[in-house]
Amino acid sequence: MSEDRWLETLRDEFQPEPMSPQRAAGFRRALDERIERRAGARRFALPALASAAVAALALWVAWPVTAPIEVDASATSAELDEYVDPDAFASELAGRGDYLPADYKGLALLLDDDTADR
Amino acid sequence: MEIAAERAKADAPSLMIRAEEFARFAEARRERALRLAFRLLAGDQATAEDVVQNAFFRAHRALAGFRGDASLDTWFYRILVREVQRQRRWQALRGWFAVDPELAPPAVDPRPVGDPGLRKRISTALEKLSAGQREAFVLVHLEQLTISEAAEVLGKAVGTVKSHLHRALAALRVELADLRGPTPIGDGPKDGEDHE
């Protein structure tokens, strides 16, 4: 027997029984059901997951910060006033000391000086 | 060749997303896929049918990601071979914890005709091969893919597939020597032969 004939014998002998029409129909139905089940799961699971993710993100963004924000105590206005004391130059503010808040009086003074230099 | 002939008309995956077209795709390949799985699974028809169904299911899931680098057939048979490999690994794992095989129910062979003894011998001989040798032999010599197509399906180099084929043929010639009968002069082995 030639090699080709030998291989042909193996091919002929070693193959499954063809599916009967009923079995083939069952196979198709089972496959369709699996695909449909998966599609159904995706139809509900994906929007639900997406909604949950969006809700979680919105909550995270909107949630008020409960932890106290740490403030650098060395930079309080009291300390800054040691460098620029608006009251010390109150007489040079030409009346603006009446309506400017204390912190701005020093700035006004600096601006005025700048104008005078020019 | 069947695969080559189908290739031209099959390379349109985007059209197949719809259910009825996928059903046609599966219908056209079912018998061949079943035959391939049957041969790779030592003739276990029931398991082969399960594996083929899993392969179609996975193919349907993966279809959107098909990039067209390979032909649709090669792509699908690659999925099928991987599914067979997964099944064999699972069977091996179950074998570790299996009860006495004498107590296990015998595998049902639904085929009422043919020579069950011969099938059993071929199956046993194939089982003695390594996985790579068995896959190469089945794809090239039983399913009649070219060596290049088999290499693509298996994700291996052509040289590796040729090497597996050479060893598989050598082993099967010994194992199934009586089926070959007397070898005429000049009708020697042709294991390096490519079907292309």
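How many residues does the contact take from chain B, and how many from chain A?

Good morning, colleagues. Please bear in mind throughout that this is a predicted model.

Let me begin with chain B. Its secondary structure consists of 9 helices and 0 strands. Read from the N terminus on, the order of elements is therefore simple to state under the definition of helices and strands: α-α-α-α-α-α-α-α-α. Chain B has 196 residues, and 34% of them are buried.

I turn now to chain A. Here there are 4 helices and 0 strands, and along the sequence the pattern is α-α-α-α. Of the 118 residues in chain A, 9% are buried.

The contact takes 30 residues from chain B and 20 residues from chain A. On the side of chain B that touches chain A, five elements are to be named, each supplying at least two residues: α2 (19-40), α3 (45-62), α5 (116-127), α6 (131-142) and α9 (177-180). What is the make-up of that side of chain B, in nonpolar, polar and charged residues? The residues divide into 13 nonpolar, 7 polar and 10 charged.

To close, I would ask you to keep two points in view: chain B, with its 9 helices, and chain A, with its 4 helices, meet in a contact that takes residues from both chains. Thank you for your attention.

Methods:
Residues are numbered from 1 along each chain as its sequence is written. Chains are lettered from A and ligands numbered from 1 in the order in which they are written. This is a predicted model: local features need pLDDT of at least 70, side-chain atom pairs count only at pLDDT 80 or more; totals for chains, interfaces and linings use all residues. A residue is buried if 20 or more other C-beta atoms lie within 10 Å of its own, exposed if 12 or fewer, and partly exposed in between; C-beta atoms are placed from the backbone. Two residues are in contact if their C-beta atoms, placed from the backbone, lie within 7 Å. Ala, Val, Leu, Ile, Met, Phe, Trp, Tyr, Cys and Pro count as nonpolar, Asp, Glu, Lys and Arg as charged, and the others, Gly among them, as polar.
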